[in-house]
Structure formats: structure tokens, C-alpha cells
Amino acid sequence: MENNPMNNVNNQRPVRVKNELKFREIIVKRCEDLFGCFKRIIFTGEELGGFVSRGFDDHIKVFFPSAPGKSVTPPRITEEGIVWPEGARPIGRDYTPLSFNAEKNELTLDFYLHDDGVASEWAAKAKPGDMLAVGGPRGSLLIPTDYARQLYLCDETGLPAIKRRCGELNAAGTAGNAVILASARDARCREYLADHNDMHIQWIIGEAPGRRPDNDAVLASVKALPLSGKDCFIWATGEGGLVKAIGDFFTVQCGVEPDFVRAVAYWHDK
Ligand SMILES: Cc1cc2nc3c(=O)[nH]c(=O)nc-3n(C[C@H](O)[C@H](O)[C@H](O)COP(=O)(O)OP(=O)(O)OC[C@H]3O[C@@H](n4cnc5c(N)ncnc54)[C@H](O)[C@@H]3O)c2cc1C
């Protein structure tokens with residue numbers, strides 16, 4: 001890893017685009033277990049018409065009912081702003097739209113199943129007919145596909161975005177420019193990117209069953225990644241503390257311009 005300051009010579013910075021904010025009711029159409037690690041849930045619903053997601057790491061806010069089988073009413077958008085129905089607001093969590101099929105009117109989300117979470121527990125029990133409310137995506141970051149060197153670092157929660165990105169890079173013919181470093185508690189998660197095994201993917205799996213790989217081990221692997229040249233982009237998501245350390249490493253120690261480092265906490269270890 002070079003530790004010299006790197007001013008990016010590829011001037012193509014990511015571009016942010018906005019969407020009109022919409023809230024929608026969505027209904028579970030079918031579910032699939034993915035390798036015992038994720039639950040893939042395919043949603044439908046009349047209000048899905050016009051759903052747009054242009055960026056591979058877009059997110060929607062998913063609102064959960066207060067109890068299984070109960071419904072959740074999305075807010076209305078008025079001239080005064082967002083108006084929620086009376087009573088307690090539903091709990092919301094961020095998820096990546098893996099795909100939207102406008103012809104079939106199907107939105108697919110992949111939920112990583114972990115202990116003790118409203119979203120994860122809802123997903124584990126979800127069945128056809130259950131409903132949720134979602135808002136967004138409010139906007140997208142359009143990240144060029146042609147940087148000469150692209151690093152993608154994530155844990156389970158970033159895999160849906162990475163899967164989308166793999167599709168984009170393959171379509172653009174630049175998949176060979178990317179290195180993916182993914183960490184997971186369970187070796188079965190490797191199956192998640194099996195369609196892209198021809199890409200450069202490195203996995204770090206927790207040593208004890210169900211245990212997250214050690215932050216120091218992940219950081220050491222990150223620091224060992226090849227980052228030569230000046231035309232690069234780095235995308236890092238995962239647990240907040242680790243993502244902060246990774247972001248600082250690239251911007252402070254390696255001197256990569258912050259516009260070319262996207263480091264976003266996807267969850268916090270509490
Ligand atoms: C932009 C964005 C996109 C995201 N996309 C996805 C996606 O497509 N699929 C996906 O599965 N997740 C995704 N996430 C992560 C997801 O929003 C969080 O993991 C969220 O905290 C899960 O909510 P919960 O109600 O299950 O758990 P919470 O109520 O938030 O947390 C409950 C407990 O679980 C722990 N916890 C939370 N998340 C995890 C985890 N991943 N692993 C282990 N412990 C955890 C917390 O530390 C806490 O102790 C995304 C996050 C962001 C910001």
C-alpha cells in the first residue's frame with residue numbers, strides 16, 4: 001500500500017441526484033432463505049409504481065409494524081412537510097433495494113439475519129401477505145464505473161449493494177478494476193457473491209462460529225490491499241467503528257481525496 005498523498009487524476013467525481021420523496025405501502029409476495037444467512041423478501045403493492053433506484057448503494061427507510069401481523073401506515077407528504085398518523089411512530093431501518101422489476105412490480109430486499117433486532121426479527125418471521133411501509137430512495141450517488149482501481153469493503157450488510165455494483169461493473173466491462181474485501185460471521189455468506197466468483201473477491205470469516213471477524217484482522221487486510229496509481233475509488237461500509245478507521249486510513253494516512261472515499265456506517269455495535 002502506498003502511503004504517499006494521492007490526488008486523483010480521474011476527475012470524474014461521484015454525482016448526487018435527487019428523487020421526489022415518496023412513502024409507500026408494500027406487501028410481501030414471497031420469501032427465500034439465502035444460505036441460512038439472509039432472508040430475501042420480494043415485495044409487491046400498487047404503490048410501488050414509479051419506484052426508482054439509480055445508485056447501487058441507494059437505501060430506503062423501511063418502517064416496521066409494532067407487532068407481527070399488524071399493519072403500518074406510511075405518512076403523508078403535505079405542504080407543511082411529512083405528517084405521520086397520530087400515535088407512536090413506527091421504527092425505521094435502512095435497507096438497500098437489491099432490485100426493482102417494474103414489469104412484475106416487484107421490489108427485492110435482502111435482510112441479513114442477526115440476533116436482537118426489530119428489522120432482522122421481522123424479516124425472519126415474514127410471510128406472504130405481511131405489509132410494511134417504505135420511504136425513498138430520496139436520492140442516489142452515481143459513482144463512475146471506470147476508475148482504474150476500485151476497492152469495495154463491507155460486511156454482510158453491504159453485500160446487497162456490492163452485488164448490484166458487481167452487475168454494473170460487469171456491464172461496463174470494468175469488473176477487472178475492482179477488488180472486494182468482504183467480512184462475514186458465517187462462511188456460507190460467501191455464496192452470496194457466487195455469481196461473481198470470476199471477480200477478485202477476498203473473504204474474511206470469523207474464527208469462532210457466529211463471531212464477527214476481529215476489527216484488527218479486517219484492518220490489517222485492508223492495509224495490505226494493493227492501491228497503486230492515482231485513479232482510484234474506495235467504498236467501505238459495515239460497523240461504524242471499523243468504517244471510521246478504514247475511512248481515516250485512506251484519507252489521512254494514504255492521502256486519498258475524500259471525494260473518492262465513500263465510508264458509511266451501516267450499523268453500530270451497541
Ligand atoms: C445505507 C444502508 C443500507 C443498508 N442495507 C442493508 C441491506 O440491504 N441488508 C441488511 O441486512 N442490512 C442493511 N443495512 C444495515 C441495517 O440497516 C442495520 O443492520 C440495522 O441496524 C438492522 O436493524 P435491526 O432492527 O435488525 O437491529 P437494531 O435494532 O438496529 O440493532 C439491534 C442489535 O443488533 C445489532 N446489530 C445491528 N445490525 C447488526 C448486524 N448487521 N450484525 C450484527 N449485529 C447487528 C446492534 O448492535 C444491536 O445490538 C443497511 C444500512 C444502511 C445505513
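**Entry 1**

I began with H114: an N or O atom in its side chain is 2.8 Å from an oxygen atom of the ligand. I note that the model is a predicted one. I then turned to V118, where a polar atom of the backbone is 3.0 Å from an oxygen atom of the ligand. For T96 I looked up the side chain and found one of its polar atoms 2.9 Å from a nitrogen atom of the ligand.

**Entry 2: cover**

I next looked up how far the ligand is covered. The ligand taken alone exposes 920 Å², and the protein buries 88% of that area.

**Entry 3: the shell**

I asked which elements give two or more residues to the shell around the ligand. I recorded strand 7 (91-95), strand 9 (106-112), helix 1 (118-125) and strand 16 (261-267). I found 24 residues around the ligand, of which R93, D94, Y112, D116 and H268 come nearest. Sorting the shell by class, I noted 9 nonpolar, 8 charged and 7 polar residues. I also looked up the domains: domain 1 (20-137) and domain 2 (141-267) each supply at least three residues to the shell.

**Entry 4: confidence**

Finally, I checked the pLDDT of the protein chain. I recorded a mean of 93, with 95% of the residues at 70 or more. I marked residues 1-7 separately, as the pLDDT there is below 50. In the model this stretch has 24 contacts beyond near neighbours in sequence.

Methods: Residues numbered from 1 in each chain as written. Predicted model: local features only at pLDDT ≥ 70, side-chain atom pairs only at ≥ 80, totals over all residues. Heavy atoms only, no water. Near = heavy atom within 4 Å. Polar contact = N/O pair within 3.5 Å; in protein donor to acceptor, adjacent residues only side chain to side chain. Areas by Shrake-Rupley, 256 points an atom, 1.4 Å probe, with all protein chains shown as cover. Helix = DSSP H or I, 4+ residues; strand = E, 2+ residues; numbered from the N terminus. Nonpolar A, V, L, I, M, F, W, Y, C, P; charged D, E, K, R; others polar. Domains from an automatic or database assignment. pLDDT = per-residue confidence, 0-100. Contact = heavy atoms within 4.5 Å.
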